[in-house]
Amino acid sequence: MTGQEKAVTVVAHRTALGTVESTQRQFSYPSPESVKGRVLADLLSGMDITGLDVLYRHCSTRAAHHILRLRQAGWPIETTAVDAPTRDGRSVRIGEYRLHQDAIDAAGDAGRRFVEEVRRVEVHR
């Protein structure tokens with residue numbers, strides 16, 4: 001894949017009520033070299049990620065921005081509020097992001113190839 005965005009049509013996405021609708025959906029793939037591309041590869045790999053994961057794995061404090069841009073590109077990313085401990089003993093609510101398995105399956109071979117390309121690029125960083 002090149003650094004240009006790629007698009008594929010998939011046939012499932014999750015609604016706000018949590019049910020899967022069958023529809024034509026256009027997903028756009030960002031550059032595999034970008035943080036947005038690496039975040040998408042994590043999600044397509046089935047990972048649940050938080051802002052701290054994006055900071056540690058991809059050196060970016062802008063997880064919510066990357067998620068927003070991926071959603072605008074058609075990716076049905078789900079957010080769940082989870083409790084997380086702080087160093088001073090408090091508990092805070094943070095967002096945890098994921099792609100439902102139906103969306104991962106709908107991305108199919110194109111999604112798997114994208115993840116492979118991102119991982120290949122990461123090795124050469």
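Ser-60 touches Val-35, Gly-51, Val-54, Leu-55 and His-66, leaving out residues up to four places away in sequence. Contact here means heavy atoms within 4.5 Å. Ser-60 sits in the loop between helix H2 (51–58) and helix H3 (63–72). Ser-60 is buried, at a relative accessible area of 8%. Buried means under 20% relative accessible area, exposed means over 50%, and partly exposed lies in between (1.4 Å probe, protein chains only). Val-35 is 25 residues from Ser-60 along the chain, and their C-alpha atoms are separated by 7.5 Å.

This is a predicted model, in which local features need pLDDT of at least 70, side-chain atom pairs count only at pLDDT 80 or more, and totals for chains, interfaces and linings use all residues. Residues are numbered from 1 along each chain as its sequence is written, and side-chain values use heavy atoms, with hydrogens and water left out.

**Overall layout**

The protein has four helices and five strands. Along the sequence they follow the pattern β-β-α-β-α-α-β-β-α. Helices (H or I, at least four residues) and strands (E, at least two) are DSSP runs, numbered from the N terminus. Of the 125 residues in the protein, 39% are buried. Among contacts with a separation of 6 or more, 54% join residues 24 or more positions apart.

**The sheet**

Three strands form an open sheet in the order S3-S5-S4, with antiparallel pairing. S3 and S4 are the edge strands, and each pairs on one side only. Two strands pair if DSSP finds at least two bridges between them. The two pairings are set out below.

S4 and S5 form a hairpin with five residues between the strands. In this hairpin, Gly-89 takes a positive phi near 95 degrees.

H1 lies across S3, S4 and S5. It runs at about 80 degrees to S5. Axes are lines fitted to C-alpha atoms, for helices over the stretch in contact, and angles run from 0 to 180 degrees between N-to-C directions.

How do H1 and H4 cross, and at what angle? The axes of H1 (residues 35–44) and H4 (residues 101–123) come within 9 Å and cross at roughly 130 degrees. The two helices are therefore oblique to each other. Angles under 35 degrees count as roughly parallel, over 145 as roughly antiparallel, 65 to 115 as roughly perpendicular, and the rest as oblique. H1 passes H4 in a left-handed crossing. Left-handed means that the near helix is turned anticlockwise from the far one by less than a right angle; clockwise is right-handed.

On the H1 side, the contact is made by Gly-37, Arg-38, Leu-40, Ala-41, Asp-42, Leu-43 and Leu-44. On the H4 side, Ile-104, Ala-107, Gly-111, Phe-114, Val-115, Val-118, Arg-119 and Glu-122 take part. These residues divide into nine nonpolar, two polar and four charged. Ala, Val, Leu, Ile, Met, Phe, Trp, Tyr, Cys and Pro count as nonpolar, Asp, Glu, Lys and Arg as charged, and the others, Gly among them, as polar.

**Asp-42**

Asp-42 lies in H1. Is Asp-42 buried or exposed? Asp-42 counts as buried, at 1% relative accessibility. Beyond its neighbours within four places in sequence, Asp-42 is in contact with Met-47, Ile-49, Arg-57, His-58 and Arg-119.
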